[in-house]
Number of protein chains: 2
Amino acid sequence: MKGKFAAFFEPESVAVIGASGTPHKPGHDVIKNILANGYEGKLFLVNPKGGEILGLPVHTSIAGLPLGIDLAIILLSAKDTAGALRECAARGIGHAVLSAGGFAEVDERGAGIQEEIARVLEDTGMRVLGPNTSGHASTPHRFTSTFFPLGKIRPGKVSYVAQTGNFATHTMKHILTAEHFGVARVIGLGNKIDIDESEALEYLAHDPETTAIIMYLESIKRPRRFLDVAREVTRFKPVVVLKSGSTEAGRNAAVAHTAAMAAEDRLIDGLLRQAGVVRIWEYSHLILAGKALSMAALPKGNRVSFLAPSGAMLVALSDLCVRLGIEVPDFAPETLRRIQEISPPFIRMRNPVDIWAAASVNGVEFGYREGMEAVFRDPHIDAVVAILMLTEDTGIPQFGFLVELAGKYPEKPLLVSFSGDRRYEEECKAFIEPLGVPSFPEIEQPFEALSILSRCARAMNRPK
Amino acid sequence: MKGKFAAFFEPESVAVIGASGTPHKPGHDVIKNILANGYEGKLFLVNPKGGEILGLPVHTSIAGLPLGIDLAIILLSAKDTAGALRECAARGIGHAVLSAGGFAEVDERGAGIQEEIARVLEDTGMRVLGPNTSGHASTPHRFTSTFFPLGKIRPGKVSYVAQTGNFATHTMKHILTAEHFGVARVIGLGNKIDIDESEALEYLAHDPETTAIIMYLESIKRPRRFLDVAREVTRFKPVVVLKSGSTEAGRNAAVAHTAAMAAEDRLIDGLLRQAGVVRIWEYSHLILAGKALSMAALPKGNRVSFLAPSGAMLVALSDLCVRLGIEVPDFAPETLRRIQEISPPFIRMRNPVDIWAAASVNGVEFGYREGMEAVFRDPHIDAVVAILMLTEDTGIPQFGFLVELAGKYPEKPLLVSFSGDRRYEEECKAFIEPLGVPSFPEIEQPFEALSILSRCARAMNRPK
């Protein structure tokens with residue numbers, strides 16, 4: 001039998017309990033997802049009606065399954081889940097994903113059923129994810145237990161742990177349709193009756209496919225354990241956490257969501273800080289952080305140079321850097337010389353760089369390319385943000401130079417945003433992101449992303 | 001002769017000094033812009049070479065122009081600008097837009113030229129916008145002096161005042177290509193040698209075409225005057241200001257930009273607050289505020305209800321509301337009854353609304369429509385945010401119901417964002433925004449926008 005996490009993330013055999021022939025039902029879509037991802041292990045379907053679903057034979061009972069299947073995905077109603085678990089245990093299945101909702105997050109009765117499941121786990125030694133989880137995903141193993149129709153999940157190197165069904169479903173759909181980065185593992189924790197964030201974090205810490213970990217948490221079940229695990233992980237892998245329910249209003253919403261009454265936020269904040277975890281505050285930054293950590297290196301420090309086509313942007317973004325704790329240092333003399341050299345003499349150049357004069361005199365591509373090359377070379381600079389001006393009237397550059405520069409200075413993150421015509425912004429994103437250069441629609445977002453990257457780097461290099 | 005601002009915003013005759021036959025030159029593109037906007041007044045072009053440009057005859061000298069033209073747009077180099085101004089004055093032209101850069105924002109010599117222009121203004125009584133301005137626009141009069149190739153500028157009801165050339169150019173291009181709202185007036189202040197933000201604000205205060213005023217400022221030339229004007233305006237029209245250069249780093253960048261050393265930010269902050277001005281902090285919020293103020297009413301109070309397809313979003317966004325000072329109150333009993341009625345019994349409903357259970361049982365459109373109708377009706381609720389779930393697999397609703405609801409409850413702003421498949425987000429935006437319902441790509445943005453709207457409302461209703 002597979003070890004605890006191998007059974008979830010590298011199962012050689014999987015049973016779908018509650019398989020359905022009806023399209024759009026969770027018991028159907030989960031099978032489609034597994035097939036769409038190209039899962040190469042054995043797949044067993046169980047439904048009392050028997051027959052065939054999507055060309056696969058259906059077992060009429062759990063009892064009829066072969067012994068020793070690695071993982072069961074149980075898509076039955078809450079009240080039928082405990083019984084199915086016991087039957088799975090009887091067939092030597094040691095691990096299960098419990099997809100149904102209707103447990104402690106709903107009412108007393110649900111809480112009672114959840115307690116019953118806890119007893120089954122105690123009796124049988126089974127390990128479960130959920131209940132009330134939308135599932136998990138493991139792209140290196142081409143496997144997923146999510147029942148939301150995602151199709152093929154794009155492989156990548158960041159992993160997500162989420163105390164919400166939303167992540168393995170709608171947010172993942174958004175990432176797949178709006179972004180160009182992928183994921184290694186996604187773990188929907190659900191009500192955390194068994195496997196919790198500390199265990200998930202420990203697994204991902206040692207997962208060679210995962211280079212960075214991003215978590216959405218509404219509560220921390222075992223704060224001491226989490227602190228111990230996180231403190232170690234964050235020395236060699238970035239851990240970014242959105243801990244929501246930080247306010248009274250948020251806590252009220254959290255109770256209704258995953259039955260987790262959030263702990264006092266200030267304590268949590270101190271704990272996360274101690275553990276080297278980088279805390280974020282916006283749901284959309286889960287995606288922003290995922291993109292940045294997928295595509296950019298961690299900077300050596302927090303000294304940025306940025307190039308923008310507008311003095312106003314330079315001023316407003318300089319203010320933003322101060323608010324985010326990002327330094328905008330003076331250039332080394334040779335950098336300043338070069339930047340001045342490519343610009344008309346009547347503009348006084350400095351960091352940040354008003355690149356528009358150079359671009360309008362010498363061409364958009366020349367201005368940005370030469371300006372960026374100069375600042376990339378500067379030993380005072382750890383990261384570069386380019387706000388590209390894209391309008392037909394001033395000329396749309398070939399975007400290849402961005403990819404070349406990013407490749408030439410891989411230790412310095414390059415983050416891109418845009419000004420001008422929306423259409424070319426979309427074109428540029430579609431060109432550079434599959435080649436590993438991240439872009440962001442709002443000009444403030446590269447700086448938010450850089451702040452996350454540099455806080456991750458600082459956490460990794462913090463004193464023992 | 002026209003009055004001061006009528007000459008700029010409703011000129012019956014305009015002279016372009018430095019007209020050019022060469023495409024992409026400012027002296028050419030300004031003419032194309034004027035024609036593209038359908039300007040109905042008289043247009044005179046001046047270039048020593050004479051001939052014809054874009055089918056219009058060219059005068060070889062300013063001296064050859066008829067007397068009493070309302071406005072001159074001077075696109076000559078900095079050193080030739082003062083002389084041209086004197087010649088304009090000699091022809092009875094009382095108003096001019098000075099487009100050239102190369103003045104006090106650049107060097108001592110430029111500062112000298114700027115002083116010379118100041119002397120011309122003193123001698124002649126001329127009024128000017130700039131120098132170093134990318135121009136202005138007045139859509140009710142189908143006129144613009146911007147030399148950046150924008151083509152037709154979409155008419156609207158918000159007006160912008162910007163101490164940056166970027167606004168009447170690139171940012172306007174972005175608004176025209178990425179957004180669906182338009183503008184009434186846009187005023188690029190440039191170096192503010194004459195007309196400054198106080199005067200611009202005073203004009204817009206009494207401009208019947210302008211319902212809200214948004215300003216980007218790096219300095220305030222006459223703080224006392226600005227305070228006096230703003231204090232009055234903000235009682236009947238919203239005034240939103242991004243005052244950048246609030247930090248040391250930002251101030252350094254500002255010096256290079258429009259030769260304005262920003263005043264001490266804390267003093268400014270107090271001044272703006274006293275004056276009922278709503279301060280914003282992000283450059284991209286200039287656009288966000290413009291959209292919100294163009295499409296949504298000001299709410300009666302700051303009590304929001306929001307509907308999202310994810311418990312995690314509800315929790316994270318509840319936290320955000322607390323940070324933004326937006327209240328998420330309990331529902332009136334009849335609202336709660338209705339929301340519970342459309343949802344499966346096992347979900348405990350409250351504000352904010354986890355709408356996904358209702359949507360998945362009864363259809364996405366039914367869930368959102370009925371849920372939103374219920375919360376719109378609630379007397380405890382001043383504004384509604386809907387995070388729409390859009391994926392093919394769960395069904396894409398007809399978006400008409402959003403427009404109908406917004407029309408039925410015009411006094412309560414409706415702000416929309418999205419979760420799920422990017423493609424449908426774009427489709428929804430393209431459908432609802434031209435019909436007056438604002439949408440935002442990131443789920444936090446409707447709340448940022450609502451915070452601006454409700455701060456505007458509070459400023460208007462503040463005690464005398």
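# Notebook: a predicted two-chain model

I began with Asp269(B), which counts as buried at 18% relative accessibility. For me, buried means under 20% relative accessible area, exposed over 50%, and partly exposed in between (1.4 Å probe, protein chains only). This is a predicted model, where local features need pLDDT of at least 70, side-chain atom pairs count only at pLDDT 80 or more, and totals for chains, interfaces and linings use all residues. Residues are numbered from 1 along each chain as its sequence is written, chains are lettered from A in the order in which they are written, and side-chain values use heavy atoms, with hydrogens and water left out.

**Entry on Asp269(B).** I placed Asp269(B) in helix H9 (residues 265–274) of chain B. Helices here are DSSP runs of H or I with at least four residues, strands are runs of E with at least two, and both are numbered from the N terminus. Which side chains make a polar contact with the side chain of Asp269(B)? I found Arg273(B) at 2.7 Å and Arg279(B) at 2.5 Å. A polar contact is a pair of N or O atoms within 3.5 Å; within protein, one must be able to donate a hydrogen and the other to accept it, and residues adjacent in sequence count only if both atoms are side-chain atoms. Not counting residues up to four places away in sequence, Asp269(B) touches Arg279(B) and Trp281(B). Contact means heavy atoms within 4.5 Å.

**Entry on Arg222(A).** I moved to chain A. Arg222(A) sits in the loop between strand S12 (212–217) and helix H7 (223–233). Arg222(A) counts as partly exposed, at 34% relative accessibility. Beyond four places in sequence, I saw Arg222(A) in contact with Asp196(A), Glu197(A), Ser198(A) and Glu199(A). Ser198(A) is 24 residues from Arg222(A) in sequence, yet 7.3 Å away in space, C-alpha to C-alpha.

**Entry on H4(A).** I then took helix H4 (residues 108–124) of chain A, which has 17 residues. H4(A) reaches 25 Å from its first C-alpha to its last, close to the 24 Å expected at 1.5 Å a residue. That expected span is 1.5 Å times one less than the number of residues. I listed the buried residues of H4(A) as Gly110(A), Ile113(A), Gln114(A), Ile117(A), Val120(A) and Leu121(A). Seen down the axis of H4(A), they fall within an arc of 110 degrees, so they line one face of the helix. The arc is that of the directions from the helix axis to the C-beta atoms. On the other side, I noted Glu108(A), Arg109(A), Glu115(A), Glu122(A) and Asp123(A) as exposed. Helix H3 (78–90), strand S6 (95–98) and strand S7 (127–129) of chain A are among what covers the buried residues. Gly125(A) follows H4(A), with a positive phi near 75 degrees.

**Entry on H10(A).** How many residues of helix H10 (residues 285–295) of chain A are buried? I counted 11 of its 11. Among them are His285(A), Lys291(A) and Met295(A).

**Entry on the two chains.** Last, I looked at where the chains meet. The contact takes 66 residues from chain B and 68 from chain A. I found six salt bridges between them. A salt bridge is a side-chain nitrogen of Lys or Arg within 4 Å of a carboxyl oxygen of Asp or Glu. Lys173(A) and Asp393(B) meet in a salt bridge through their side chains (3.5 Å, N to O). H11(B) gives the most to the side of chain B that touches chain A, with 11 residues.
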